[in-house]
Amino acid sequence: MSQPLHFAVFGHPISHSLSPQIHQAFAAQFGIALDYRAIDATPEAFGEAAKHFFQDEESRGANVTLPHKAAAFALADEHTQAAKRAGIANVLTRLANGRLSAHNTDGAALVRDLTDRHDLDLRGHDTLLLGAGGAARAVAWALFEAGVQTLTIVNRSPEAADALADAIGEPARVHTRYWEDLAGIGSFDLIVNATSAGTLGQSLSLPFSLVGSRATCYDLGYGKSAFGFMAWARAAGARYAYDGLGMLVEQAADAFELWHGKRPDTEPVYQALLAQGS
């Protein structure tokens, strides 16, 4: 019997990662024996750790989480369009020639979670995107291409927001505002938090006036990192408030399909994680 192929998730810290559990659940759907490990690497050690992992021909792919997504992009030899747009990678794949390919599946995963799981028709939505880092760049393009009516990008450093809006190049639909003007820019149908505030344990101190009467609020983080934004959304009267657990499962499914050529059923895995309080 052949040995299972090797896969991993890199991060720092990484002990909290749900990726091993998610990928094992996907593999069980197809009877695939999977060697999927969590590898904790400091930012200084990530490059060598990733190279060492992929030197083994049985190592075929890795998920990459904070703080290594930019380094993973730089490490790769080839990049998908989504990865180039974001400037970061959350998936690395070893190609047949030993080269590494970088992917970014965050944007597609967010849109799929909103539209397929939560039945939200993004067309016609006035959308506020908080943040302009790598995660925000990934989801901005996906939201725009999914047909949101307008996309307003607000970041504490306006230069990054302006650069993202300029890259998309649709000033009639995509524009920026200053963070200090949030109280006066009106309300939105969809508010997406792509900042690192929750992960860093910081408060955003957002005005309630941003939340429209039927608004959906979404945090790209999940679990404890999303608690603050979710609490704000509910207090502000948002119709729906979701964290990024579904997005996590969907981006894992994209990686799994990329590596194994099979599309897993994400809903039972998502429901199992909800039931265990993830």
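# Notebook: helices, sheets and rings

I began with helix α6, which is mostly covered, with nine of its twelve residues buried. I note here that I am reading a predicted model.

**Entry: helix α6**

I looked up where α6 runs and found residues 134–145. From the first C-alpha to the last, α6 reaches 17 Å. That is close to the 16 Å expected at 1.5 Å a residue. I then listed the buried residues: G134, A136, A138, V139, A140, W141, A142, L143 and F144. Next I stepped past the end of the helix. Just after α6, G147 takes a positive phi of about 100°.

I went back to W141 and asked what sits over its ring. I found the charged end of R85 there, 4.0 Å from the ring centre. I noted another such case at Y270: the charged end of R117 sits over that ring, 4.3 Å from its centre.

**Entry: the parallel sheet**

I traced an open sheet of six strands. I wrote its order down as β9-β8-β7-β10-β11-β12, with parallel pairing. Which strands stand at the edges? They are β9 (174–178) and β12 (240–242). Each has a single partner strand, so one side of each is left without a neighbour in the sheet. Direction ignored, neighbouring strands here are turned by 20° against each other on average.

I checked what α8 does at this sheet. Helix α8 packs on the sheet and touches β7, β10 (188–193), β11 and β12. The direction of α8 makes about 170° with that of β11.

Strand β7 (residues 126–130) pairs with strand β8 (residues 150–155) in the parallel sense, over five bridges. Opposite L130 I found V154 in β8.

**Entry: G221**

I looked for G221 and found it in the loop between β11 (211–219) and α8 (227–235). Is G221 buried or exposed? G221 has a relative accessible area of 17%. The cut-off for buried is under 20%, so G221 counts as buried. Not counting residues up to four places away in sequence, G221 touches A226, D243 and G244.

**Entry: the mixed sheet**

I traced another open sheet of six strands. Its order is β2-β1-β3-β5-β6-β4, and the pairing is mixed. At the edges stand β2 (35–40) and β4 (78–79). Each of these has a single partner strand, so one side of each is left without a neighbour in the sheet.

How many bridges join β1 to β2? I found six, and the two strands run parallel. One of the partners I looked up was that of H6, which is D35 in β2.

I checked the helix over this sheet as well. Helix α2 lies across β1, β2, β3 (59–64), β5 (91–94) and β6 (100–103). It runs at about 150° to β3.

**Entry: aromatic pairs**

I searched the whole structure and got eight aromatic pairs. I looked into F10 and F53. Their ring centres are 5.8 Å apart and their planes stand at 80°, so the pair is edge-to-face. F10 lies in strand β1 (residues 6–11) and F53 in helix α2 (residues 46–55), so the pair ties together parts that are 43 residues apart in sequence. Both F10 and F53 are buried.

I turned to F26 and F256. Here the centres are 5.7 Å apart and the planes are at 70°, so this pair is edge-to-face. The pair links distant parts of the chain: F26 in helix α1 (residues 19–30) and F256 in helix α9, 230 residues apart. I looked up the accessibility of each. F26 is at 0% and counts as buried. F256 is buried too, with a relative accessible area of 0%.

I also noted a cluster. F10, F46, F53 and F54 form one aromatic cluster.

**Entry: A252**

I stayed with helix α9 (residues 245–260), where A252 lies. What does A252 contact, leaving aside its neighbours within four places in sequence? I found I22, H23 and F26. A252 counts as buried, at 2% relative accessibility. Last, I took A252 with T266: they are 14 residues apart in sequence and 9.1 Å apart in space, C-alpha to C-alpha.

Key: Residues are numbered from 1 along each chain as its sequence is written. This is a predicted model: local features need pLDDT of at least 70, side-chain atom pairs count only at pLDDT 80 or more; totals for chains, interfaces and linings use all residues. Side-chain values use heavy atoms; hydrogens and water are left out. Helices (H or I, at least four residues) and strands (E, at least two) are DSSP runs, numbered from the N terminus. The expected span of a helix is 1.5 Å times one less than its number of residues. Buried means under 20% relative accessible area, exposed over 50%, partly exposed in between (1.4 Å probe, protein chains only). Contact means heavy atoms within 4.5 Å. Rings of Phe, Tyr and Trp (its six-membered ring) pair if their centres lie within 6.5 Å; planes under 30 degrees apart count as stacked, over 60 as edge-to-face and the rest as tilted. A charge sits over a ring if NZ of Lys or CZ of Arg is within 6 Å of the ring centre and within 35 degrees of the ring normal. Two strands pair if DSSP finds at least two bridges between them. Axes are lines fitted to C-alpha atoms, for helices over the stretch in contact, and angles run from 0 to 180 degrees between N-to-C directions.
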